[in-house]
Amino acid sequence: MAIMTTTSSLAFQPVLERIAEEIERTPGRGRPADYIPALAACDPRRFGMAVAELDGTVYGVGDWRQPFSAQSITKVFTLALDLAREGDSLWEHVGREPSGNPFNSLVQLEYENGIPRNPFINAGALVVTDRLQSRTGDAAGELLAFLRSESGNPALGFDQEVAASESAHGARNAALAHFMASYGNITTPVPVLLDQYFRQCSVAASCADLALATTFLARHGIRSDGSRLLSRSQAKQVNAIMLTCGTYDAAGDFAYRVGLPGKSGVGGGVIAVVPGRCTLCVWSPGLDERGNSVAGVAALDRFTTLTGLSVF
């Protein structure tokens, strides 16, 4: 098959099939996240990929309809939901810079007086969840309602086994929350906040679900029903933070290889946005040493190479 140079919607399916064939032949898929026992048993060779156009048309390949643990991908949606409510005052409580440290690091919080470096490291996501919780009374419930609405899948839900597994191994997140609370940057009681956060991360969704749920960012803040969630400027902000901070401390390499705003999760999923054009989600549970899906990043790299679609 020749390299695709057109952006015609009908050409997405053969590109996805070509990528899946290439990935299938690729040795070395990384290892599932073994520090969350409920994720450790996932087969690292599973692979699914979906592309959603702005009108809701979805193309997919492999395990693209298989639900998986969204994990940190959900941080994009809680950020958008809170930013829509409080606007720029959010940035007084969390920064917008890459961290350069592991996603669960305590070190920077000590130096920076309890203000997390960005919304996608664990500390920053806890702050965003805290602020959404204070405004809604049920941050995880708001997230789930949004995902169900935007994906068109009312069956989406929390994976209780994953949430319980994270709670049982959540001492580091508890430490982050208590530390930030000591600076006044967390107001929700920490046990309540952690329950909300672990439920948020436990959402089980497919590549199709998450690609569809992300299209509001490709539509510059417009939801699937035509209502506006974010201003055009706010959608730009979220996409920019995804590009610079969305793949833990490998964001520079991701931008170099893929050239799209993206957000990964340790469940093996990665979402990506082509503003004004489409969104993508790819899933393969095997991770590299930085917590990103090995096959997922490779597949997005191939997608932008084959289609010429990137922000650069």
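Predicted model: local features only at pLDDT ≥ 70, side-chain atom pairs only at ≥ 80, totals over all residues.
Local features were considered at pLDDT of at least 70 and side-chain atom pairs only at pLDDT 80 or more, whereas totals for chains, interfaces and linings use all residues. Residues are numbered from 1 along each chain as its sequence is written, and side-chain values use heavy atoms, with hydrogens and water left out.

Under "binding site", an unreviewed UniProt entry lists Ser-72, Asn-122, Glu-166, Asn-173, Tyr-197, Tyr-248 and Val-266, an annotation that may be inferred rather than shown by experiment. From this set, Tyr-248 belongs to the lining of the second largest cavity (a set of points on a 1 Å grid over the protein atoms alone where a 1.4 Å probe fits but cannot get out, with lining residues having an atom within 4 Å of a point).

Asn-122 lies in helix H5, residues 122-136 (helices being DSSP runs of H or I of at least four residues, and strands runs of E of at least two), and is buried at a relative accessible area of 7% (buried meaning under 20%, with a 1.4 Å probe and protein chains only). Val-266, in the loop between strand S6 (262-264) and strand S7 (269-274), is likewise buried, at 6%. Beyond residues up to four places away in sequence, Val-266 touches Tyr-248, Gln-71 and Leu-287, among others (contact meaning heavy atoms within 4.5 Å).

Definitions and conventions: 1 Å grid on protein atoms, 1.4 Å probe; cavity = no way out; pocket = protein on both sides within 12 Å on 5 of 7 lines; lining within 4 Å. Buried < 20%, exposed > 50% of the residue type's maximum accessible area, 1.4 Å probe, protein only.
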